[in-house]
Amino acid sequence: MIPFKFSIAKNPSEALGLIHPHAAFLAGGTNILDLMKEHVAQPTEIIDLGRLPLNTIKPTATGISLGALAKNTETANHQLIRKDYPMLSKAILAGASAQIRNMASNGGNLLQRTRCSYFYDINMPCNKRVPGSGCAAMKGFNRMHAIFGWSDQCVAVYPSDMAIALSALNANVKVMQQNGSERSIPFTDFHHLPKDHPEKDNSLKHGELITSIELPKNNFAGHSAYIKVRDRNSYAFALVSVAAGFELEGNSIKTAHIAMGGVAHKPWRALKAEAFLKDKAATLANFTKAANLEMSAAKPLAHNKFKIEMGKQTLIHAFEVALKG
C-alpha cells in the first residue's frame, strides 16, 4: 500500500484549489483505484469529488446536459436519454457490470485508461505508463489492440462504450480551469491518437475539471444503433463496436454519424463511411461499400487481422439495425 492524503472538496473551486501535479481526482473510483492497486498510478493525494453539485441531467436550449458526476446507470436510464439519445443508453448498458455502472461517473468514464495488459503490468515496458520505455504489445500478444491510428509508440485501444456513442452524437465536453474560466472541447478533439506521446490520452490539462457533457439535438433518434462484439456477452471489452445514426429522407440517407470502438487509441469516427453514405440510398449494397471503404485503411497487427472482417460485418449490421429503428 502506498500512503496518500485524502481530501474532500465541497465545490468545484475548492477541488481545483486542491489539485497539484501529484494528486488525482476521485469520482466513482472504478478506474483510479484499479490503477493504484496495480501501482500504475501512485498519487500522493486523492481529492474526493463526491460532494460537488455536478450530477444533474437536464434539457437545454440546444439539447441536453449530462453532469460529469451523474452515474452511468442514471444516465442510461434517464427518460430523456432513452427517448432522444437511445444510442447512448444502449452503449452505456453494454459496458461493464451493473455494479460498476452504479458507481462510475460520466466524466470518469471519459478519462479511463486503456485496458492493455502490458500497461497494467509494471514489469513490462509501456510508453503510455513510462514514456520512452518501449511498447511490449507491438511484438507481444496484440489480439485486442488497434488497427487504426496506432504508432510504433503505442498500439493500445480506448475501452469506453459510452464515449463511442458520444463521438457519433457530436458531444462537447465542458471543462473548468484553475482560474475559474470554462472551455468547451469538441468530442472528436477530446481524445488523442498516440503518435509520439501515448501517455497523453486526452486534451485535459492537469488541474482541469470536467463539469458536464453537452449533447446537441439530433434527428436520428429513431434510426440509431449501438452494436458491440466481444468474447462473451457480458463483462468484456469490445473487440469491435459501432455507434451509428441516420437522418433519413425517405429511403435516402441525408446524413450519417458513425463511430467505432475497440479499434483505435480513441473513439474512431468513421468519416469515410459517413461521406460515402451521404445522400445515398439506404441499401445493403451501399452499406457494404461504406463498410469496405472504412476498413480499407486498417493496419492490423500480428494477432488482430480478424478485426478487419469483423469491423466490416459489425458496421453493416449496425447500419441495418439503425435503418430499422
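Start with the largest nonpolar core, which has 36 residues; Leu66, Leu88, Leu110, Leu166, Ile210 and Leu215 touch the most other members. A nonpolar core is a set of buried Ala, Val, Leu, Ile, Met, Phe, Trp, Tyr and Cys residues joined through side-chain atoms within 4.5 Å. Buried means under 20% relative accessible area, exposed means over 50%, and partly exposed lies in between (1.4 Å probe, protein chains only). In soluble globular proteins, nonpolar side chains tend to be buried together.

The model is predicted: local features need pLDDT of at least 70, side-chain atom pairs count only at pLDDT 80 or more, and totals for chains, interfaces and linings use all residues. Residues are numbered from 1 along each chain as its sequence is written, and side-chain values use heavy atoms, with hydrogens and water left out.

Helices (H or I, at least four residues) and strands (E, at least two) are DSSP runs, numbered from the N terminus. Helix α10 gives the most to the core, with 6 residues.

Now look at Ile210. Contact means heavy atoms within 4.5 Å. Leaving aside neighbours within four places in sequence, Ile210 is in contact with Leu54, Ala68, Gly107, Leu110, Leu111, Val173, Lys174, Val175, Phe190 and Leu204.

Next comes a sheet. It is open, has 3 strands in the order β1-β3-β2, and pairs in parallel. Two strands pair if DSSP finds at least two bridges between them. β1 (5-8) and β2 (23-26) stand at the edges with a single partner strand each, so one side of each has no neighbour in the sheet. Direction ignored, neighbouring strands are turned by 25 degrees against each other on average. β1 and β3 (residues 45-48) pair over 4 bridges. Lys5 has Glu45 in β3 as its bridge partner.

Arg101 is found in α6 (residues 98-103). Arg101 is buried yet has no salt bridge. A salt bridge needs a side-chain nitrogen of Lys or Arg within 4 Å of a carboxyl oxygen of Asp or Glu. The nearest side chain of opposite charge, Asp161, is 8.2 Å away.

Thr314 sits in α14 (residues 306-324). Is Thr314 buried or exposed? Thr314 is buried, because its relative accessible area is 4%. Not counting residues up to four places away in sequence, Thr314 touches Ile227, Val229, Val240 and Val242.

Definitions and conventions: Axes are lines fitted to C-alpha atoms, for helices over the stretch in contact, and angles run from 0 to 180 degrees between N-to-C directions. Lys and Arg count as positive and Asp and Glu as negative; His and the chain ends are not counted.
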